Amino acid sequence: MGLNVPIVNAPMGGAAGGALAAAVSRGGGLGMIGMGSSATAANLSAELPHISGLARPFGIGLVHWVMAAEPALLEVALAAKPALLAVSFGEDWSWVQRAHDAGVPVAAQVADVTGARRAVDAGVDVVVARGADGGGHGEARVGTLPLLAEVLDEVTVPVLAAGGIASARGLAAVLAAGAAGAWLGTVFTTCTEAATSAAAREMLMAASSDETVTTRVFDVAQQYAWPATLPERVLRNDFVNRFDGREDLVDADARAALAEAASTEDYRVAPINAGQGVGMVRESRSAAEVIDRLCAGAEQLLRRWA
């Protein structure tokens with residue numbers, strides 16, 4: 001794809017907009033525009049001007065069940081001619097042929113070897129081995145390094161490692177294992193170009209790696225159609241402590257409180273997605289600076305081991 005560095009930013013809904021994607025691509029990686037649970041075709045169209053005239057490859061990431069409910073999302077995404085289209089968390093693979101017919105390579109996240117085989121059999125060009133360490137939604141089944149090792153032994157397409165990679169050491173580790181690159185989320189959430197709110201950035205930079213939890217409580221409260229098998233990893237807060245495992249107690253008052261907290265950026269109640277690498281995210285820098293630091297450190301380590 002003409003990348004200078006083996007880094008792809010995860011297409012995180014609410015954080016990875018067009019500005020972050022453009023910055024990552026200018027930094028030599030593959031910048032991905034992310035469309036999350038509440039995405040619409042209009043939302044995606046509003047982010048595309050950021051990559052207009054970029055002259056660098058970029059990608060777009062969609063959630064399968066959201067795309068199925070809003071078919072125009074796929075149409076807008078393909079019309080933008082991304083270098084990579086990622087659609088994850090679905091069992092219907094008909095979109096793969098539509099993308100290939102449009103000349104667009106595709107990727108999908110997988111949580112186990114069986115999922116990797118299915119993706120490759122469906123024609124997926126790039127597999128993202130997303131470990132249980134990762135932030136946001138996903139099957140929390142296998143840790144990143146065991147999953148990556150198994151998937152690399154099983155498939156011949158390029159494999160990106162995802163989940164808990166937030167440092168030069170983490171990047172070096174997955175590259176040494178044989179990954180084609182790293183799919184990084186949390187480390188980019190505090191970048192100056194990310195759509196993350198200022199209050200959420202501060203929470204992320206102050207959090208330790210043991211302060212995340214996988215839960216369905218926010219999906220239930222917001223009445224999103226995420227399957228029960230796909231919880232999200234977030235920073236633990238008061239809302240999680242009150243309702244996690246007791247989602248049946250989430251009533252209209254709790255939903256109203258969550259909506260109010262989201263609008264006022266009260267993250268004692270509102271969710272912040274974060275992977276287990278969050279403890280290594282301590283500063284807000286530009287995406288280019290983050291990429292340079294990750295790659296310089298990883299190169300030093302890999303040269304030493306060589």
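Is the crossing of α4 and α5 left-handed or right-handed?

1. The crossing of α4 and α5 is right-handed. Please keep in mind that this is a predicted model, so everything below describes the model.

2. On the geometry of that pair: helix α4 covers residues 72-79 and helix α5 covers residues 94-101. Their axes lie 10 Å apart, and the packing angle is about 30°. Angles under 35 degrees count as roughly parallel, and α4 and α5 are therefore roughly parallel to each other.

3. The residues that bring these two helices together are Leu74, Glu75 and Leu78 from α4, which meet Trp95, Arg98 and Ala99 from α5. Sorted by class, the α4 contact with α5 has four nonpolar and two charged residues, with no polar ones.

4. Now to the second pair, helix α8 (residues 168-177) and helix α14 (residues 287-305). Here the axes come within 8 Å and cross at roughly 55°, so α8 and α14 are oblique to each other. The crossing of α8 past α14 is right-handed.

5. On the α8 side, the contact is made by Ala168, Arg169, Leu171, Ala172, Leu175 and Ala176. Their partners in α14 are Arg293, Leu294, Cys295, Gly297, Ala298, Leu301, Leu302 and Trp305. By class, the contact of α8 with α14 comprises eleven nonpolar residues, one polar residue and two charged residues.

Notes
Residues numbered from 1 in each chain as written. Predicted model: local features only at pLDDT ≥ 70, side-chain atom pairs only at ≥ 80, totals over all residues. Heavy atoms only, no water. Axes fitted to C-alpha atoms, helices over the stretch in contact; angles between N-to-C directions. Helix = DSSP H or I, 4+ residues; strand = E, 2+ residues; numbered from the N terminus. Parallel < 35°, antiparallel > 145°, perpendicular 65-115°, else oblique. Left-handed = near helix turned anticlockwise from the far one by under 90°. Contact = heavy atoms within 4.5 Å. Nonpolar A, V, L, I, M, F, W, Y, C, P; charged D, E, K, R; others polar.
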